[in-house]
Amino acid sequence: MALLTDVLKADPNSVTGNLYTAYILSEKEVPDSSAQVEQYKKAVEFFAKVPIKDFEVEDMLKYAKVQVNLRNFSDAYGLYDKAIKMDSTDKSVYYEYGKACFKGENYENAVMYLNKATDLGMNERSVYLFKGFSNFYLKKYEDALANFQDAIKADDKFVLSYSWVAKCYIVLLKNDEAIKTYEKILTIDPENAEAKDRLAKVKGANNNKQ
């Protein structure tokens, strides 16, 4: 950091100096939440000193992520749009854009951009999870269920995916499928307290119907 300070003293407009300083400030974690916010704001100041023409896609994504952390969603969306113009085939741009839309409760657009990421070949569980969360909050439960099932296909040991599959089944009044899903969670994580609790409640609801 001292070296970067010297670089910026010699040339306050240094692209490398400002970008690297912004990166350091954006990536360093601070225990105090208010101090973290101030650090993100400082990172934005350094990013803003660099002309957009000098940004690479990675820089644009980093800048946008800081804006998302500050909940400056409109500013972040504009940066993602610029990143798409720079490289419309980069699946990570659409993935990050989709996550940002989800965090901004812009669920329709979140699904749209996350779909684009999967269309371009992204197959990580996280992209399906964020699609599932977005569709769930849009009350598109069948679509959400399919998304969470895709997350399981991508990683069949990740308990969170199964938990949301079960939630979808419950909303869709498919309690027997929810029970099977919670039982599956307990084969992966036998001490999972949430799964034990929810399994007991669903079984209880089923018994009361009989």
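Q39 is found in helix α3, which covers residues 33–48; helices here are DSSP runs of H or I with at least four residues, numbered from the N terminus. The model is predicted, and local features need pLDDT of at least 70, side-chain atom pairs count only at pLDDT 80 or more, and totals for chains, interfaces and linings use all residues. Residues are numbered from 1 along each chain as its sequence is written, and side-chain values use heavy atoms, with hydrogens and water left out.

With a relative accessible area of 11%, Q39 is buried; this term means under 20% relative accessible area, whereas exposed means over 50% and partly exposed lies in between, for a 1.4 Å probe and protein chains only. Q39 touches L25, K28 and V30, when residues up to four places away in sequence are not counted. Such a contact requires heavy atoms within 4.5 Å. A polar atom of the Q39 side chain also lies 3.1 Å from the backbone oxygen of L25.

Helix α3 also holds F46. F46 counts as buried because its relative accessibility is 18%. Apart from neighbours within four places in sequence, F46 is in contact with L8, N18, T21, A22 and L25. Of these, A22 is 24 residues away from F46 along the chain, yet the C-alpha atoms of the two are separated by 5.3 Å.

The next topic is helix α6, residues 91–103. Its 13 residues should span 18 Å at 1.5 Å a residue, and the end C-alpha atoms of α6 are 19 Å apart, which agrees; the expected span is 1.5 Å times one less than the number of residues. Helix α6 is mostly covered, with 10 of its 13 residues buried. The buried residues of α6 pack against α4 (57–69), α5 (73–86), α7 (107–119) and α8. Just after α6, E105 takes a positive phi of about 60°.

How do two packed helices come to be described? The angle between their axes and the distance between the axes are used. The axes of α6 and α8 (residues 125–137) come within 10 Å and cross at roughly 30°; axes are lines fitted to C-alpha atoms, for helices over the stretch in contact, with angles from 0 to 180 degrees between N-to-C directions. From α6, the contact is made by Y95, K99 and F102, and from α8 by S126, V127, F130, F133, S134 and Y137.

Technical notes
Helix = DSSP H or I, 4+ residues; strand = E, 2+ residues; numbered from the N terminus. Polar contact = N/O pair within 3.5 Å; in protein donor to acceptor, adjacent residues only side chain to side chain.
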